[in-house]
Structure formats: structure tokens, C-alpha cells
Amino acid sequence: MSTILETFPEYADTALLDHLRETEYNYLDEQGQTYLDYTGSGLAAKSQYNAHNARLTEHIFGNPHSVSPTSENSTRLVEQARSHVLAYLNATPDTYTAIFTQNATGAARLVGEAYPFTRQKTFILTEDNHNSVNGIREFARARNARTVYVTSQSPELRVNPAVLAEALGGHWWEWGLDKMGIAKGGRSARERGLFAYPAQSNLSGVRHPLEWVTLAQECGYDVLLDAAAYLPTNRLDLSDGNPQPDFVMVSWYKLFGYPTGLGCLIARRDALSRLSRPWFSGGSVLAAGVVHRHHTLAADEVGFEDGTLNFLSIPDVQVGLEWLERIDMTMIATRVRCLTGWFLQRLLALRHSDGAPMAEVYGPTDLKRRGGTVCFNFLDSQGKIVDERLVAHESAAASFSLRTGCFCNPGGMENAFGLDARLLRRMRRRLRKVTTIDGYIHAYGLPSGGAVRVSFGLASNVADVDRFFEFAIRTYRDRVTDSKGLSPRLGC
């Protein structure tokens, strides 16, 4: 077998990350853990934890809603972090603001509950979306707006740009799309609604073109870009001349592991002014009264940050961003691309003794416009899909951290399994009586309830890949598997 350097010689340029694995992330090898779930969460460097501890032991911080010394300490660091977030994305403060949320899901909800949906507006989204974005359709439905899904196509699980352009209100030749789905020009239209999609799929690793942002805006739509799976290995440039989404969802632990429970909604100020919040809370109002029952929301980001901010952890966002900046995202991207390509080559080459394949990949099998997430299922010696619950149990017992299931992306999984939309519509009434995930799987006749997801990140190395394939060959080659004794599935 060839080495990774023979296939990807540029891997040698990422040697600094091996040093960091031995120092900042050495807890992995010390504890015998193989971490392959960077799409689920990044890992924190020891220096990040040290910075947090030093800050809390050397200074005193209080609730930011005051003018006391401890309050001003908190306010100063929170605003520094907010400024650093915008600088990291090359977003000018005059154009964008950063709203701190609990996570990317919190960012999606802020947009969904406050977006001015009406019967005349449409919510358009790709089928390849996290449930945090899918859930916005309930806000749209409550206000009688139409929801339209743009389908993905197997086997690569990409969106046909012509289908997308038509859903947005035109034909691909009218909007000047080239074969890569990139807008070359367009025409303006009145505001028609909201378009949402992920910059990178959390299921398949597919990178959807950022140029769709401009296309949708030229067609009259606000754009919500889910960047949660994209930012851990890419820089998003929101400066003039680049696509500028109206709203961007971020979860910081996806980038650098710590702190958890913090995300951001990066919002254009002009788009933010079009939102109308359905409630108010402590911290988000300029004034509120009880006798006359009036309230006035605070301006800009303050009106969207409910209650007391997580002022002890928000400064750690700046620490994490500075950590990535010192390493250089280009190096991280190179390493992840090399490991992903190496992993895919070896996965596709896996064979049982009779030559039958041992795995089926959902999504791109090459490195063209994809990230470091690989979705697949093992196939047993009879060609049946190995139940993902069995893989979860056996890989965990071997000290592997990977993901199984449908990854909160039901549309992506439905496309991966080739579910026909017409069949699903015919079965809708029958499915109302189904109360369990396994019941849905049986009703649909699915071969499994999900898949296996492996993803790479900053601290990944060749040894992680080698260990995985040693496990895969030892555990699944020439084996007949079944689902006996496995616990029921609890949800998607």
C-alpha cells in the first residue's frame, strides 16, 4: 500500500500540526482515544483551557448590565470578542454585527421567529439542511408563507443549479449560471422571502457554492447561510466584493472545542432591521412598562441578546480565534483535505475476501468541492448494510469517537437512501400512526436508520486513519451481521 505522502505530498507541509498533536492535544494518545468526529465538535487545545483559568483567577468579572468595575471588565472583554469575530470574517462593523447566541440553533431561531413571513413570501431551502434550519419552516407555516425544498441528486448529493435557479424564480440561463452553479450576473427583484442553505453539508461534506448567496439576493431573497460545518476548516470572507449573506449561523465549539454553549448570528445591519421580534426580555429592551404595557427594543445586536450574556465564556471565543490564526487555517485545510482523500481511497478499496465491497459512500468520492466529512455504511459479506447502531457500539468499545445516525439532516439521509418524494407523499397519512423511529424505517422499507460519519480536523493525523482501517478490517471483513439485541433508535 502506498503512503499518504506518495498520493498527497503536500501533507508534509502540515508537520506543525503533528507537533501540536504531541503537545496541545496529547490527551488523545495518552488516553488511547481515536477522535473522528470534528463535524460534531472540535477539540480544545490545552492552552485554551489555561487561558480561561488564568483570566478567571487573575481578574474579577460581574454582570455586564452595570457600570461597576467588575461589570466593565466583563463588558470590555465581550465587546473585544465581538469585534474579533467580525475581524476574523473580514466583516466591517458598519455592515455587520455579531449577536451572541447559545449555538447555531439559537441563531437560526432568532431569524425564524422574527423574519417577516407573509402569505406573499416563500421560505426556500435545500433538502440538505440541519434540522435547526428545517425547523424555520414552522415559523413560515404559522404566518401562511410557502415552504419550498430544493432537491439534492444522488450519488453526490449535490443540488442541480438549474433547479435552484428555477425555485428562486427564474431559469438558469436567465440568471447567468455556469456549469458549476456560479452566478455570473443577474437582475434585481422585490423581496420574496428567505433562502437558507449550508455552506458545507454536515452529512456528506458537500460544499455548496457561496455564489448562491448573490444569486438568491439578486432574485429578491434574504439569505441565511449555515456556516457551522464550513468554518472549522475554511475562512469565510464577508468583505466587499465577496458574497455577503444577510445572516450567518456559527457554533464556536465546532471550530475549536471550547467554549461550548456559545454561537453567533452574524447579521447584516440592514437585514436585522427588517426583523420583528415576537417578544422581549431582560437585556433586550431600551424601555418597558407594565401599566401601559409598552416596550421598545434596544438597537442592533442588543435587542437580540436575551438576558445576561455568558460573560465568563465569551472571551474564550477570542482566545479560540487567535489560536486558529496562529496556526493558519490554510494549513488546517491542507491537512484535512489530504486525510479525507486518503481515507476515501482506502474506504473505497475495502473488500471482503470474495472481492465484494465493504462500504458504500453517500456523497462525493473525490475531493472536488467537498470538506472533511465522509458519510458511509459498512456492507457485510452478504452485501447488507451493517446496522449503524452496531457500528456505534463496536467502535465505541474500541475507543473510537465517530458519529452514527442521520446527523439531524433527514433530507440528506432520505436522498442518500434514494427515497422517492412521490412515495413519501402517498404514505403521509399512514405515517401519522407511526410513533417510533424504527416504525418509520420499517414503513419506508429502509435498509438502515442512518449511516456512519467520520470527519477530520486540526488534530487529526495518519495514525488515526490507520487505526480506523485496522478496526474496520478486523471487525467487518467476511462477517455476516444482524440487528438482534440492539437498542431501539431514539431519534434523528
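**Close-up views of a predicted model**

**Figure 1. The residue after helix α5.** N90 follows α5 and has a positive phi, near 55°. The model is predicted.

**Figure 2. Helix α5 along its length.**

**Figure 3. The buried residues of α5 and their cover.** Which residues of α5 are buried? They are S71, S74, L77, V78, A81, R82, H84, V85, L86 and Y88. In an α-helix, residues three or four places apart point the same way, because there are 3.6 residues a turn. S71, S74, L77 and V78 are among the buried residues of α5. The list also takes in R82 and H84.

**Figure 4. L347 in helix α15.** Helix α15 spans residues 329–349 and contains L347. Is L347 buried or exposed? L347 is buried: its relative accessible area is 0%. Beyond its neighbours within four places in sequence, L347 contacts A359, V361, V374, F376 and F469. F376 lies 29 residues from L347 along the chain, and their C-alpha atoms are 9.2 Å apart.

**Figure 5. T481 after helix α21.** T481 sits in the segment after α21 (462–476). T481 has a relative accessible area of 7%. That value makes T481 buried, because the cut-off is under 20%. Which residues does T481 touch, leaving out those up to four places away in sequence? They are D380, K384, V386 and L390.

**Figure 6. The whole chain, for context.** The secondary structure comes to 21 helices and 17 strands. The radius of gyration is 23 Å, close to the 23 Å that the globule rule gives for 492 residues, so the chain is as compact as a globular protein of that length. The C-alpha atoms fill a box of roughly 75 × 60 × 45 Å along the principal axes. Buried residues make up 53% of the 492 residues. Among contacts with a separation of 6 or more, 73% join residues 24 or more positions apart. The accessible surface is about 21,700 Å², and 51% of it belongs to carbon and sulfur atoms. The chain carries 52 positive and 53 negative side chains. The centres of these two sets lie 9 Å apart.

Key. Residues numbered from 1 in each chain as written. Predicted model: local features only at pLDDT ≥ 70, side-chain atom pairs only at ≥ 80, totals over all residues. Heavy atoms only, no water. Helix = DSSP H or I, 4+ residues; strand = E, 2+ residues; numbered from the N terminus. Buried < 20%, exposed > 50% of the residue type's maximum accessible area, 1.4 Å probe, protein only. Contact = heavy atoms within 4.5 Å. Rg over C-alpha atoms; globule rule 2.2 N^0.38 Å. Areas by Shrake-Rupley, 256 points an atom, 1.4 Å probe, with all protein chains shown as cover. Lys, Arg positive; Asp, Glu negative; His and termini not counted. Charge placed at Lys NZ, Arg CZ, Asp CG, Glu CD.
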